[in-house]
Amino acid sequence: MTTVDSPGRHDTANRPNPARWLVVAIPYVWLFLLFLIPFLIVLKISFSLTAIAQPPYTPVLDLGGGISGVIEAFKEFTVENYLWLTEDALYAKAYLSSIEIAVVSTALVLLVGYPIAYGMARAPKAIQPMLLMLIILPFWTSFLIRVYSWIGILKKEGLLNQFLLWLGVISKPLTILNTDTAVYIGIVYSYLPFMILPLYAALERLDPTLLEAAADLGCRPSRAFWRVTFPLSLPGVIAGCFLVFIPVTGEFVIPDLLGGSNTLMIGRTLWNEFFSNRDWPLASAVAVVLLLILVVPIVIFQNRAERGEGAINKVPM
Amino acid sequence: MNRRASWFNVTSIAFGLAFLYLPILLLIIYSFNESRLVTVWAGFSTKWYVSLFSNQGLLDAAWVTLRVALLSATAATILGTLAAIALVRFGRFYGRTLFSGMIYAPLVMPDVIIGLSLLLLFVAVDFGRGFWTIVLAHITFSLCFVAIVVQSRLSTFDRSLEEAALDLGCPPVRTFFQITLPLIAPAVIAGWMLAFTLSLDDLVIASFTTGPGATTLPMKIYSQVRLGVTPEINAVSTILIGIVSIGVIAASLVTKRREVARIRAERQAAAGIRNGI
């Protein structure tokens, strides 16, 4: 024996091996064909014109036409859809109000989720797994159903109004369903587990001796919280905010079922352009602009996730 | 911890759990309501469950959804596990940044964008839309969730067993099936379940990628909800919630029991080594 392998040397890294190659290639090719290429097609169609045809846009890129066919198709590209997005104030409003709703609801989810995650991390170790299970369980049950369940509660003759009337807090029923308030309630409710889990993961790791040291040095609990606990939980806070903000910006189901006709959100606009107006190129342009808005947060999210910060990796289970 | 803080903690957990569970609980309770109105209690009845089983459209949709979920979860688990191995074990390889980007992006990407882009792909390559396009779409986004779940298990587990097998001359592929896969099995199963429920749940991506003849349960529920709230939807929802809850709780109990058994076996093995076997 001449060399002794040190631990970790068996990283199959340096061995050329067909099985190893396939392990990367299969998911890589899959995602390349069904995740990346589709975006390029969206981009291409966003520069096309609507047509009454099947598919309902023109030009149709026909690769059978060879290079000249592709060049011809490129010549017909138009920025009309993007001009239209800037001309009609409705789209700008929808983007802005989506971002506003996403920012406000992310802050609300954080405000509601933090005390819960904090309480969980401070709970006796023996019951923590059960609490975690209870938080995760709604995450597994259908999103659509959970949103639907709020319709019966928030309706004019719904359970919340019945309860408030019975308490005597209000004298006539409130209109909550089909307003922005209902959308906020729906978002906070649906996305709460996404915030609690990374927060809990960060708070649970917190070394209690740090707080004892702060207390020994005469730091009041509230001050210790802001000086010690909160800064150390920041990776969880950031992870949770990304996990809520990005998907909420493009949310469709919640504004559609709980929001009113004047609740503008871009996911809903895109859906309507596609399904009601059958304007595929315009829907594509809406998607491209939405993606441009979200690309910075998504890239930051990816980098943090890959470095394992904020326990994003622990989210689903 | 002082007493005040712990009272605060108990209250916030209680409030949080009430907030999470009350709507689901009310939904379940009103599925047994005699009245057609979802908000007025008129006595206990199971008639909505009975009428459910004569609603052929709903049953067909449930069957489509179940098949889509089984197929897509299984394929996504295989692809996602491969992706996780590539991410954790292969260090730097050509195009790794793009690869991990394509794994993490779908986790937060709005559904409307994924749905629209996949639909346009299927139209561009002239792939007949329907059952199979939904399956392909579901595989694509759920494989990323599987990859994340399996990856977090792979990156924390003790590699000495694998190294021992390799040192003893076991080929890498066989090492994977005999050592690695049994060790990461709980995460793989969890990934499969997550993929399954994601598929069961998806409305937006399925609506974009479907074609004539393939209506999934969420699509059916959505179109009925738009017409108004009915106890029948509460009944379907209750059945779905029941199935998923039982599945998740059972799986977590099984993995916990397995974990305990594994730790005990490892301790015994260690004791055996100490005793000079």
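These notes go through a predicted model point by point, from confidence to single residues.

1. Confidence. The predicted model has an ipTM of 0.85 and a pTM of 0.86. For chain B the mean pLDDT is 86, with 95% of its residues at 70 or more.

2. Overall form of chain B. Chain B is built from eleven helices and zero strands. Its radius of gyration is 23 Å, whereas the globule rule gives 19 Å for 277 residues, so chain B is more spread out than a compact globule. Along the principal axes, the C-alpha atoms of chain B fill a box of roughly 75 × 65 × 35 Å. Buried residues account for 45% of the 277 residues in chain B. Of the contacts in chain B between residues at least 6 apart in sequence, 79% join residues at least 24 apart.

3. Domains of chain A. Chain A splits into domain 1, covering 15–20 + 23–75, and domain 2, covering 79–314. Their C-alpha centres are 33 Å apart. Eleven residues from domain 1 of chain A and eleven residues from domain 2 of chain A make up the contact. On the domain 1 side, helix H1 (18–46) and strand S1 (49–50) of chain A each supply at least two residues, and H1(A) gives the most, with four residues. The residues on that side of domain 1 of chain A are eight nonpolar, three polar and no charged.

4. Contact between the chains. In the contact between the two chains, 78 residues of chain B meet 84 residues of chain A. Helix H1 (residues 3–30) of chain B gives the most to the chain B side, with 14 residues. By type, the chain B side holds 58 nonpolar, 16 polar and four charged residues.

5. The nonpolar core. The largest nonpolar core contains 169 residues, and those with the most contacts inside it are A:Ala117, A:Val286, B:Leu116 and B:Ala147. Helix H8 (residues 180–204) of chain A provides the largest share of this core, 17 residues. The core lies between domain 1 and domain 2 of chain A, because both give residues to it. Leaving aside residues up to four places away in sequence, A:Ala117 touches A:Ile196, A:Leu199, A:Tyr200 and A:Leu203.

6. Helix H12 of chain A. Eight of the ten residues of helix H12 (residues 266–275) of chain A are buried, so this helix is largely enclosed by the rest of the structure. Among the buried residues of H12(A) are A:Arg268, A:Trp271 and A:Glu273. The cover over the buried residues of H12(A) includes helix H4 (89–122), helix H11 (253–258) and H13 of chain A, together with helix H5 (111–124) of chain B.

7. Helix H4 of chain B. The buried residues of helix H4 (residues 96–108) of chain B include B:Phe99, B:Met102, B:Tyr104 and B:Leu107. From chain A, the buried residues of H4(B) pack against H1, helix H10 (221–249) and helix H13 (280–306). From chain B, they pack against helix H3 (56–89) and helix H6 (131–154).

8. A:Glu76. This residue sits in the loop between helix H2 (66–75) and helix H3 (80–87) of chain A. A:Glu76 is exposed, because 12 other C-beta atoms lie within 10 Å and the cut-off for exposed is 12 or fewer. The C-alpha atoms of A:Glu76 and A:Phe39 are separated by 20 Å, and the two residues are 37 residues apart along the chain.

9. Positive phi values. Phi of A:Asn178 is near 65°, a positive value in a residue other than glycine. A:Asn178 belongs to the loop between helix H7 (159–167) and H8 of chain A, and it counts as partly exposed because it has 19 C-beta neighbours inside 10 Å. Phi of A:Arg278, also a residue other than glycine, is positive and near 50°. A:Arg278 is placed in the loop between H12 and H13 of chain A. With 12 C-beta neighbours inside 10 Å, A:Arg278 counts as exposed.

Notes:
Residues numbered from 1 in each chain as written. Chains lettered and ligands numbered in written order. Predicted model: local features only at pLDDT ≥ 70, side-chain atom pairs only at ≥ 80, totals over all residues. Domains from an automatic or database assignment. Contact = placed C-beta atoms within 7 Å. Nonpolar A, V, L, I, M, F, W, Y, C, P; charged D, E, K, R; others polar. Core = buried A, V, L, I, M, F, W, Y, C linked by C-beta atoms within 7 Å. Buried ≥ 20, exposed ≤ 12 C-beta atoms within 10 Å, placed from the backbone. Rg over C-alpha atoms; globule rule 2.2 N^0.38 Å. pLDDT = per-residue confidence, 0-100.
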